[in-house]
Amino acid sequence: MKLIAKTMAGLEGVLAEELRQLGAQNIEPLTRAVAFEGDKRLLYRANLELRTALRVLLPIRAFQVRSEEGLYKMIREIDWPKYMGVDGALAVDAATHSPYFKHSKYAALKTKDAIVDRFRQEFGRRPNVDLDKPSLRINIHIYNDECTVALDSSGMSLHKRGYRMETLEAPINEVLAAGMVLLTGWQRDCAFVDPMCGSGTILIEAATYAHNMAPQLHRQFFGFKSWKNYEPRLWDEVLAEARDSVRPFEYGLFGYDKDFRALKVAQQNCLAAHLEGRVSVERKAFEKLEPPAQTGLIVMNPPYDERIGNEDIGAFYKMIGDRLKQAFSGYQAWLISSNLEALKQIGLRPSRKLSLFNGALECKFQKYDLYEGSRKEKRQNDES
Ligand SMILES: C[S@@+](CC[C@H](N)C(=O)[O-])C[C@H]1O[C@@H](n2cnc3c(N)ncnc32)[C@H](O)[C@@H]1O
């Protein structure tokens, strides 16, 4: 099968690598997506195990189209009863980048009408619409006059891991958090620290990765489970293998936040993510944080100012840089922020700079190597 995994801008490379590790064939990174080939087992594994995919799609038809009537006609020609029963429920998602289809919602509506009419014609009745958990979610993608119709095997975005019990301000998307952890190139061979963990998303994504725990190990709902060709035995096998692959992690996973509420939410979310006893979450301000291990990887998502008020954001970022230099030598630190001016106040030279989007905010994800003695060297440089 030719398949497409959708993702976020900047994560195509890590997603392609995840697919390579799953054994996918003919992997081709696209824009916010990766095309690949595999069998049904791989489709199930992709949904269960990929950390940086939002959805896994199975394209079933591609054609040229320039009008809504044309779209209706082409969609109605597809043998929909082959894919779902008349008693099922459907949902249509559409994304259009086309002068012929300016409103994606309208393309979705036309598609839904065509499918429903096809069923009416054959059965005298029609399936329902269920936008939340349909038995068949259909994805329409129109670029200029090229339309691809795909079945959404995930059925509901894969960023919904099921552990987010409560949210605070500015939580990061689970897929972005997982992508950041993978982008660091962490080999799971040292402690992991998120010193401003908020509701714990980055910590939880790092923790499931550290334990080799599939991100969807506890999710029940997948689109493919209501497909006509669903093989429950194969799914049970894939799930059992993923359960057996969970392994201990000995270096420690540490989350901190100065906010009491954040701590409660992070702890709750860690429990919901089945990480009890595997992560440590403590209330502590970064200003006073001591390293919990001799070396480690820090990944942090501090306030950016746009989303969380802070009195003097420049001074706040300077404090982050100072603390990293003073207390965390021997660590690697990665920091994501959309506030480029504030980032300059860190006062450390980034050894890598990547571009990512946190929601609509364009961000830099930067790496700082905190060598032993870097503080002394800096002082010497400052004095000379
Ligand atoms: C953008 S949020 C992090 C969101 C988190 N990544 C998530 O997904 O929920 C920034 C966090 O930094 C915390 N914070 C702000 N100043 C801090 C400080 N001086 N020390 C520790 N935590 C701090 C805030 O309480 C907030 O929870």
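At what angle do the axes of helix 3 and helix 4 cross?

## Two crossing helices

The axes of helix 3 (residues 68–77) and helix 4 (residues 104–123) cross at roughly 40° and come within 8 Å. Helices here are DSSP runs (H or I, at least four residues), numbered from the N terminus. Axes are lines fitted to C-alpha atoms over the stretch in contact, with angles from 0 to 180 degrees between N-to-C directions.

## About the model

This model is predicted, so local features need pLDDT of at least 70 and side-chain atom pairs 80 or more, while totals for chains, interfaces and linings use all residues. Residues are numbered from 1 along each chain as its sequence is written.

## Two domains

Domain 1 covers 2–152 and domain 2 covers 174–213 + 249–383, with bounds from an automatic or database domain assignment. Their centres, taken over C-alpha atoms, are 36 Å apart. Nine residues of domain 1 are in contact with twelve of domain 2.

## Around the ligand

Now meet the ligand: 21 residues surround it, and Met 196, Gly 198, Ser 199, Thr 201 and Asp 259 are the closest. A residue is near if its C-beta atom, placed from the backbone, lies within 6 Å. This shell has 13 nonpolar, four polar and four charged residues.

Note on methods:
Ala, Val, Leu, Ile, Met, Phe, Trp, Tyr, Cys and Pro count as nonpolar, Asp, Glu, Lys and Arg as charged, and the others, Gly among them, as polar. Two residues are in contact if their C-beta atoms, placed from the backbone, lie within 7 Å.
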